[in-house]
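Reader: I've got a model open and I'd like to learn how to read it feature by feature. Can you walk me through it?

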Amino acid sequence: MMMQSTLPTSPRLLPLLPSLPLPPSSFNFTLSSSSSSSSSSSFTITTKTNTTHFHVRTTATHTQGNVAVVDVDNENEIGIVRQFIDIGYLSNVHGLQGEICVKPTTDFPLLRFSTPGTRWLRQNVLGEETIQEVELEQGRHHPAHNSWILKFKGIDTVDQAKMLTGSTLLVTDDERPELEEGEFYTHDLVGMKVLLKESGELVGTVIGVFNSGANDLLQVSLDSSFGILDKSGKSRSEEVEASGQLVLVPFVEAIVPDVDTKRREMHITPPKGLLELNLRYDERSKKERRQIEWKERRKFQKRLIAAKKKLGEIEQQHVFHGLRYGEKEQRSLLSDQIVGVNTKLLQEALQGLQQPTKRWNAAELVSASEAKLISSMQISSKSSLHGNGDNILQEKGLKLMSEGKMAIVLLLNEKENQGCICDPDVVENEATDTSLLPLQKLLSDDGNFIKDKDREAVPLILVSSAQQIESLRKLFTNNNHFAFDSEKIWFLEEEKLPVVSNLPEGQNKYKILMKSPWEILQTPVGSGGFISLFSRHSISDNLINLGVEYIEICCPSERIAGGNSLLLGLVDSRKADVGIQISPSIADPEKSFDMIFSMDFVKKLLKQSNKLQFDAIPKANSFVEKIDKDWVTVTSSIPNSYELSCSIYSSLNACSMDKVCVVRE
């Protein structure tokens with residue numbers, strides 16, 4: 001089952017702008033005409049359930065509402081409601097001839113931007129949204145900026161073009177291209193009834209469609225008559241209201257075999273437990289739920305105010321500019337990103353750039369072990385690190401793991417990692433199922449990884465990109481959690497920090513760069529970011545309560561799998577705080593590593609996170625910035641920014657050398 005998308009990151013859906021529910025039966029018409037001039041006659045359209053008004057004249061000048069415009073037939077004075085599709089955002093002026101750049105949000109850019117004809121612009125003027133008709137004369141692709149350059153009729157100067165920046169480019173709903181069989185627009189699916197194929201029982205109504213990375217998901221609002229089980233697996237009691245509860249249904253042919261667009265209904269064959277799995281079951285009354293939602297909004301607003309204050313203290317107020325422009329969803333995205341910025345870590349990173357400390361790496365450790373500054377152990381490259389022999393240290397390590405004394409942290413999306421289990425580009429551009437196959441193979445390998453019989457006692461923390469989290473959860477659910485205890489598994493989104501300008505504006509001042517007016521340009525911190533994640537999610541407290549004494553941090557690859565019993569036995573026998581496995585066969589130990597920390601050392605790191613050393617990696621990045629009243633796209637062929645990165649090796653700055661031990665092949 002195929003679908004189309006208007007977003008570059010989602011190749012299956014083609015969502016439309018939400019349109020106002022304006023059925024003719026909901027209108028009250030009041031006609032007021034002037035005998036002196038028919039062109040000045042007007043009427044008002046008011047929806048019964050909404051206070052939005054549309055004032056329309058019979059001339060070519062229109063005053064429009066949010067997403068619908070009412071045209072009037074001059075002879076019959078009949079109102080016609082138009083609905084629109086968002087196809088792009090006018091970002092900035094190009095050149096001196098009134099041309100303007102548009103950032104596409106459509107799967108049909110060639111059709112939308114190179115074909116002359118009528119288009120529409122939605123603008124926010126004095127707090128009110130207006131829609132006006134424009135005539136596209138020509139357009140051409142600008143591959144360097146991933147945008148199109150357009151020329152509109154009557155827009156011939158820079159000042160005229162500036163008046164259009166920030167607008168949303170639209171086409172009318174009836175201009176949608178015809179889709180092939182099996183393809184659907186989101187707009188056509190929303191509102192459809194969902195029924196069970198076998199019994200014809202009404203499940204609910206589709207209220208939304210979105211992409212999870214692996215496949216598209218239908219968001220279904222349950223009908224009150226549907227007899228779904230409650231969260232305990234028992235039949236729902238009659239007095240408990242189920243209407244309005246939301247479930248997620250994968251939009252794949254195996255589960256949704258029939259879609260009837262004419263009858264506005266679809267039939268599903270959900271596997272047993274699918275609907276209950278995603279059900280947000282809540283026995284509280286609507287009033288209680290509204291109160292909780294209101295409290296959550298208030299809590300978020302307080303967090304937003306606090307985050308803005310912290311960013312203001314480090315002179316990054318320009319990040320807030322986008323809150324005064326764009327649509328509600330765009331402003332909401334920026335608000336979420338502002339709240340999500342780890343300002344404490346950002347300050348420590350920027351301060352660290354001004355106060356460089358010793359930078360540890362694998363080569364430094366080898367030199368230190370050869371100079372006998374740290375404890376080391378030489379092993380044969382053919383030795384097993386997962387203990388089938390009678391090695392005392394291996395047996396000691398295996399015993400500690402079976403007792404739940406060590407937790408494992410797998411960094412699945414290590415920054416700029418090559419040769420490891422996951423690649424960021426694969427995660428974003430290919431089916432997540434495929435990118436996780438190496439991880440699935442590793443976890444299914446009883447010989448190279450932890451023995452199945454010991455896994456239930458071992459806590460597991462997986463750190464990955466945001467795009468991969470949901471797919472990881474599904475992978476573990478579908479494989480019975482690979483014999484791990486589901487209560488002892490954490491899925492954490494990797495730590496990110498904003499990209500900053502490499503031209504400091506004053507002492508210790510680096511400007512945060514914006515990907516768009518409503519999106520902060522960010523990159524993963526790297527392996528050293530796990531300390532911040534432990535602090536933010538209280539992971540160390542949970543592990544201590546479980547009796548964990550050590551954690552293993554590794555970026556799995558063909559050579560490194562995790563569950564290093566030999567290294568654990570060595571660390572425990574030497575009473576060390578840090579143990580590191582070093583192999584000459586690994587091309588870059590900075591990007592593929594295996595370390596074990598004692599929980600005492602982890603607690604120390606949480607208190608002394610300023611000991612971590614950050615690197616400023618020069619990179620060429622495209623970003624936008626507000627100059628006067630315009631948003632301007634800035635590109636460069638040479639490095640124009642710093643990406644902030646922290647290596648796990650920098651944690652050695654907080655550890656005494658007599659508390660470090662190394663296993664060398």
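Reader: Let's begin with strand pairing. Which residue stands opposite Val 624 in β31?

Author: Keep in mind that this is a predicted model. To read a pairing, find the two strands, get their sense, then look for residues facing each other. Here Val 624 has Thr 633 opposite it in β31. The strands are β30 (residues 623–627) and β31 (residues 630–634), and they pair in the antiparallel sense over five bridges.

Reader: And what does Asp 628 do in the hairpin of β30 and β31?

Author: Start with the backbone rule: most residues other than glycine have a negative phi. In this hairpin, two residues lie between the strands, and Asp 628 takes a positive phi near 55 degrees.

Reader: Which other residues have a positive phi, like Arg 264?

Author: Arg 264 is one of them, with phi near 60 degrees. Arg 264 sits in the loop between β15 (258–260) and β16 (265–268), and with a relative accessible area of 31% it is partly exposed. Lys 575 is another case, its phi being near 55 degrees. You'll find Lys 575 in the loop between α17 and β27 (578–582).

Reader: Is Lys 575 buried or exposed?

Author: Exposure is read from relative accessibility, and over 50% counts as exposed. Lys 575 comes in at 57%, so it is exposed.

Reader: How many residues of helix α17 are buried?

Author: For a whole element, count its buried residues, meaning those under 20% relative accessible area. In α17 (residues 565–573) the count is eight of the nine, so the helix is largely enclosed by the rest of the structure. The buried ones are Ser 565, Leu 566, Leu 567, Leu 568, Gly 569, Leu 570, Val 571 and Asp 572.

Reader: How do α9 and α17 cross?

Author: For a helix pair, take the distance between the axes and the angle. The axes of α9 (residues 392–402) and α17 come within 7 Å and cross at roughly 95 degrees, which means that α9 is roughly perpendicular to α17. On the α9 side the contact includes Leu 393, Lys 396, Leu 398 and Met 401, and on the α17 side it includes Leu 566, Leu 570 and Asp 572. By class, the contact of α9 with α17 holds seven nonpolar, five polar and two charged residues.

Reader: At what angle do the axes of α5 and α6 cross?

Author: α5 (residues 286–313) and α6 (residues 328–340) have axes that come within 8 Å and cross at roughly 65 degrees, so α5 is roughly perpendicular to α6. The crossing of α5 and α6 is left-handed. Residues making the contact include Phe 300, Arg 303 and Leu 304 of α5, along with Asp 336, Ile 338 and Val 339 of α6. The contact of α5 with α6 has six nonpolar residues, one polar and three charged.

Reader: Back to strands. In what order do the three strands of the open sheet with β22 come?

Author: The order is β22-β32-β29, with antiparallel pairing. β22 (500–501) and β29 (614–619) are the edge strands, each pairing on one side only. Two bridges join β22 to β32 (residues 641–646), and Val 500 has Tyr 642 in β32 as its bridge partner. Helix α7 (residues 343–354) packs on this sheet, touching β22, β29 and β32, and its direction makes about 80 degrees with that of β29.

Reader: Last one: which residues does Leu 410 touch?

Author: For a single residue, check its place, its accessibility and its contacts. Leu 410 is in strand β18 (residues 406–411) and is buried, with a relative accessible area of 0%. Setting aside residues up to four places away in sequence, Leu 410 touches Leu 439, Leu 460, Ile 461, Leu 462, Val 463, Cys 554 and Pro 556. Also check C-alpha distances: Leu 410 and Ile 553 are 143 residues apart along the chain, yet their C-alpha atoms are separated by 6.2 Å.

Definitions and conventions:
Residues are numbered from 1 along each chain as its sequence is written. This is a predicted model: local features need pLDDT of at least 70, side-chain atom pairs count only at pLDDT 80 or more; totals for chains, interfaces and linings use all residues. Side-chain values use heavy atoms; hydrogens and water are left out. Axes are lines fitted to C-alpha atoms, for helices over the stretch in contact, and angles run from 0 to 180 degrees between N-to-C directions. Helices (H or I, at least four residues) and strands (E, at least two) are DSSP runs, numbered from the N terminus. Angles under 35 degrees count as roughly parallel, over 145 as roughly antiparallel, 65 to 115 as roughly perpendicular and the rest as oblique. A crossing is left-handed if the near helix is turned anticlockwise from the far one by less than a right angle, and right-handed if clockwise. Contact means heavy atoms within 4.5 Å. Ala, Val, Leu, Ile, Met, Phe, Trp, Tyr, Cys and Pro count as nonpolar, Asp, Glu, Lys and Arg as charged, and the others, Gly among them, as polar. Two strands pair if DSSP finds at least two bridges between them. Buried means under 20% relative accessible area, exposed over 50%, partly exposed in between (1.4 Å probe, protein chains only).
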